[in-house]
Amino acid sequence: EIIEKLSCKRIKVNITAVLSKNQINKVFKVLDPGVESILSIFAGRIADTGRDPQAFIKYAIEKKINHNKCEILWASTREIFNLYEARNINCDIITIPPNLLNKIDMQDKDLEELSLETVKMFYQDALKTNYKI
């Protein structure tokens, strides 16, 4: 109800904590297509339930066809791979915490090299424990 009232008053809204297709439908039913808005879909929380969040984001992207001023936001990002998923399905915006964004430099990193770095890290961690094998 509040989304409709604000939208009718031409107030830009960020509809947040959206997790279901039913909620997406309800939003687009009341959202004024001429008003700027953001639909924040909590993809990470959806994934926590064992569902693929891409299906929900794609659904919202399809539903916004007549809402040119609405942007779909991939929220609640859990891993850097979500950035690539969001980009591949043409999601408008993604929020990424700094600890994940720092991993962007790993894109296309050689997996053999990463394996060696991982083993070295395990070795260094073992040395710090003073554990003897």
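Colleague: Which residue in β3 is the bridge partner of Phe-42?
Modeller: This is a predicted model: local features need pLDDT of at least 70, side-chain atom pairs count only at pLDDT 80 or more, and totals for chains, interfaces and linings use all residues. Residues are numbered from 1 along each chain as its sequence is written, and side-chain values use heavy atoms, with hydrogens and water left out. Strands (E, at least two residues) and helices (H or I, at least four) are DSSP runs, numbered from the N terminus. In β3, Phe-42 is bridged to Ala-75.

Colleague: Over how many bridges do β2 and β3 pair?
Modeller: Strands count as paired if DSSP finds at least two bridges between them. β2 and β3 pair in the parallel sense, and the count is six.

Colleague: In β2, which residue is the bridge partner of Val-18?
Modeller: Strand β1 covers residues 13-18 and pairs with β2 in the parallel sense over four bridges. The β2 partner of Val-18 is Ile-41.

Colleague: How many residues of strand β2 are buried?
Modeller: Buried means under 20% relative accessible area, with a 1.4 Å probe and protein chains only. Ser-37, Leu-39 and Ile-41 are buried on one side of β2, and Ile-38, Ser-40 and Phe-42 on the other. β2 is largely enclosed by the rest of the structure, because the buried count is six of the six.

Colleague: Does Thr-77 count as buried or exposed?
Modeller: Thr-77 lies in the loop between β3 (70-75) and α5 (81-88). Contact means heavy atoms within 4.5 Å. Beyond its neighbours within four places in sequence, Thr-77 is in contact with Asn-82, Ile-94, Thr-95, Ile-96, Pro-97 and Leu-100. At 9% relative accessibility, Thr-77 counts as buried.

Colleague: At what distance does the backbone oxygen of Thr-95 lie from a polar atom of the side chain of Thr-77?
Modeller: Thr-95 is among the contacts of Thr-77. From the Thr-95 backbone oxygen to a polar side-chain atom of Thr-77 is 2.4 Å.

Colleague: What covers the buried residues of α5?
Modeller: The buried residues in α5 include Asn-82, Leu-83, Tyr-84, Glu-85 and Ala-86. Their cover includes α4 (53-63), β3 and β4 (93-94).

Colleague: Over the face of which residue does Lys-21 lie?
Modeller: A charge sits over a ring if NZ of Lys or CZ of Arg is within 6 Å of the ring centre and within 35 degrees of the ring normal. Lys-21 lies 5.6 Å from the ring centre of Phe-56.

Definitions and conventions:
Buried means under 20% relative accessible area, exposed over 50%, partly exposed in between (1.4 Å probe, protein chains only). A polar contact is a pair of N or O atoms within 3.5 Å; within protein, one must be able to donate a hydrogen and the other to accept it, and residues adjacent in sequence count only if both atoms are side-chain atoms.
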